[in-house]
Amino acid sequence: MSLHLTATVADRDVDVSFDVADGCTVALLGPNGSGKSTVLSVVAGILRPDAGRATLDGATLFDLAGGTWTPPHQRGTGLLAQDALLFPHLDVLDNVAFGPRSTGASRARARDTAMTWLRQVDAADLADRRPSALSGGQAQRVAIARALAAEPRLMLLDEPMAALDVTVVPAMRQTLRRVLDGRTAVIVTHDVLDALLLADHVVVMDGGRIVEQGATRDILARPRSTFAAGIAGLNLVRGRAEGSGVRTPGGLLVAGMPDDETVHEGVTAVGVFSPAAVSVHLERPGGSPRNVYAATVRELEPRGSQVRVRTDELAADVTVPVVAELGLAPGVEVFLAVKASEVAIYSA
Amino acid sequence: MRSIVVSAASILLLATTTACGTSDDNGSDDAATSSAPQDTSITVFAAASLKSSFTELGSAFEKANPGVTVTFNFAGSSDLVAQIQQGAPADVFASADTTNMDKATADDLVAGSPTDVATNTLEIATPPGNPAGVDSIDDLADPDVKVVLCAPEVPCGAAAAGVEKAAGISISPVSEEQSVTDVLGKVVSGEADAGLVYVTDVKAAGDKVRGVTFPESSRVVNTYPIAALTGSKHPDVAKAFADFVAGDQGQAVLAAAGFGAP
Amino acid sequence: MASARTSGLPRWVLVPAAAGALFIVLPLVALASRVQWGSFWSLVTSDSSREALLLSLRTSGTATVLCVVLGVPMALVLARTSFRGQALIRSLVLLPLVLPPVVGGIALLYTFGRQGLLGETIDVLGLQIAFSTTAVVIAQTFVSLPFLVVSLEGTLRTAGQRYEVVASTLGARPTTVLRRVTLPLVLPGLAAGAVLSFARALGEFGATITFAGSLEGVTRTLPLEIYLQRETDPDAAVALSLVLVVVAVLVIGLVRGRSNAL
């Protein structure tokens, strides 16, 4: 059950093409407004693209050149949104039984199926409740059971945990990991943990285009887009390969260690390094670091025993005593230094 | 719902006018008008069927009496008498029947005694082509002819009942309308094959309807009395207008509209 | 006063607000005060009153069913689709809300009347609409349909399409979505719209008297009966008016009860 998608939605400036292999989960990453939800709507059949074609397991979902359009109810694409959207007039059991009932199962059979799926998501004890009597996490569990009970060939998840209380997110993530295992699915998310734990592949979108895609571990270890680097918690500078470094469009040279045979002089390349490798100084440091940049502190963000110091371009992780000693605060002028040996250079 | 609101609102209005009408402060106003007779205004409450004739007579009266303004309130006679009873500011009342004038007289609202100024009789009105071929009053008893009458509760309906009795027939109307105007409307629009309306209505409708006269109509004659009212602030002018309608000029205008002599 | 302060309203607002409330309540009190309680029961249960009330309930009930049958699809199309000229269609559909009912009656006359647009077609089908109970139902449906459409379209828009989208991704065909999701979700709005339509149909006067006529047991509904009774028996008119007021109060109570339950 593999998905092949090519679609253009002109008025939202979205133009994408990607595949989801059978049994794989793809995480769709990208900043707000990059078109991720639009892509899900197109696959689900809620939004008609201006051009494109999509097949699911050989069956055509739409082919606008050929004039084919399969309505949502015949696509076999289950949709799980931020809100559970349980039908308020039905109890939990009948909500989950809705899919089987709609596809022709008898009431008793549909309820049997529903009960099975409720057990799968540890929500069997909620069967008699009204949706209004559920917590957000409970409702989302029921919504998962409802989507799965319809036996979708493809699951579409649109930030399914974004509206949940942070305390229930880990348990929900475990549930999703269990039920998505072996299923073909696309999940829109902002969370690196979702990508790592739920997805085999990652597609990164920005401004309606795909900027990067590949196996999750590769993308997070060696991001080539600013967004992927941000979600992986890494600093990324982009430019052209020059010597053993990268020259940014602003003229800055970032020296590093090319770890790729393909980094030839002049190709588009990125320099990637961890914030932990960046040190912060009030005076320009002497000595070994070749990469020293003047910057202004914009934001301080506590992270356990560390504090992440954000400037306009780069981030640095320092300890709390260092922050106190240097008197770091938004607006303070500092110098950031990173050793060339800590900077990975590869083509993008 | 609308009719409730409307009737409720009119009751409210009547209640306030009652409060004004019963207050006994006519004296000072009288003095003012007698010292300035030039600016006199009277209000005439007249039956709807008198509308065109009285509008003409009002202008003539104003011309003959410079400084006098005549305003009219045309409606069904029973509505008018109800309004007068509730204290509406009327100087003259012209009714389409004696029954409603008697109500006003009984309540001591009439100054002096009413004068009969006109009579009216019924006539059959049919659409211009007369599709049902109605030639006589007897044809109205034919169940295939769609006849519209006034409801017996209103004067033109009472007159129609009288005609039925005089002709010795029984009409099964398809509708009993609220007013003679409604009957005429159903005939003009062609919904009904025939209706019983006043001679003056047929005349006023021109070629929109065809009139069919019948001898039995003379057996039921509606008399139109006019009277000045006790509530008038200008009793002299009110009486003058009533006399004017009863006089030669008034009678000529009424006759031209199809009314009979009293 | 205390609650007005905490709500941040200037105190003077209470004066016109109280006057407005009084303006609505006072006429109803005045109406009730005029009821002859001794004869009330015999007045509202007289043959003609009972006939009128039963006819009103029957025709209003039928009109409400028609409103649901025609209005639900109309509201669905207006709320869930978009097409060229939709705004114009919506305005036209709402027109009977603001149109004087008598204008509606005239328009219906020229549509369904014998000389009307569809008159010949109806004749060929062997149907008689003029002066029939069917005409009453048509007039009532015409004026009350917008109430159902407006109220249901609003509910549909408020409810949004998110549940319908979810239902379709669960494999439900459009008809199943409508039956099992859309309609159950808007049921309170539909019920409120139906009750409002019923109330409007029950009070319908102008279009009925213009289009359907007035005949006891056939076309003379309660509002027409009230209007006619005013001519001869004001006490009966007042008593029947109170009956309609009570029905209206019950209807409003029903709608409010429903919306509070939401």
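Predicted model: local features only at pLDDT ≥ 70, side-chain atom pairs only at ≥ 80, totals over all residues.
Let me start with strands β3 (residues 25-29) and β10 (residues 201-206) of chain A, which run parallel and are joined by four bridges; strands here are DSSP runs of E of at least two residues, and helices are runs of H or I of at least four, both numbered from the N terminus. Within this pairing, A:V26 stands opposite A:H201 in β10(A). Residues are numbered from 1 along each chain as its sequence is written, chains are lettered from A and ligands numbered from 1 in the order in which they are written, and side-chain values use heavy atoms, with hydrogens and water left out.

A:D206 stands opposite A:R209 in β11(A), and the two strands form a hairpin with two residues between them, where A:G207 in the turn has a positive phi of about 60°. These strands belong to an open sheet of six in chain A, with the order β7-β8-β9-β3-β10-β11 and mixed pairing, where two strands pair if DSSP finds at least two bridges between them. The edges are β7 (77-80) and β11 (209-215) of chain A, each pairing on one side only.

Now to the chains. Chain A and chain B do not touch, their nearest C-alpha atoms being 34 Å apart, contact meaning heavy atoms within 4.5 Å. Of the two pairs of chains that touch, B and C have the most contacts, with 28 residues taken from chain B and 34 residues from chain C.

How much area is buried between chain B and chain C? The figure is about 3,000 Å², of which carbon and sulfur atoms give 57%; this is the accessible area (1.4 Å probe) that the two parts lose on being put together, summed over both.

Between chain B and chain C there are three salt bridges, each a side-chain nitrogen of Lys or Arg within 4 Å of a carboxyl oxygen of Asp or Glu. B:D79 forms a salt bridge with C:R230, with the closest N and O atoms 2.8 Å apart. On the side of chain B that touches chain C, α1 (2-22), α4 (77-85) and β7 (175-177) of chain B each supply at least two residues, and α1(B) gives the largest share, six residues.
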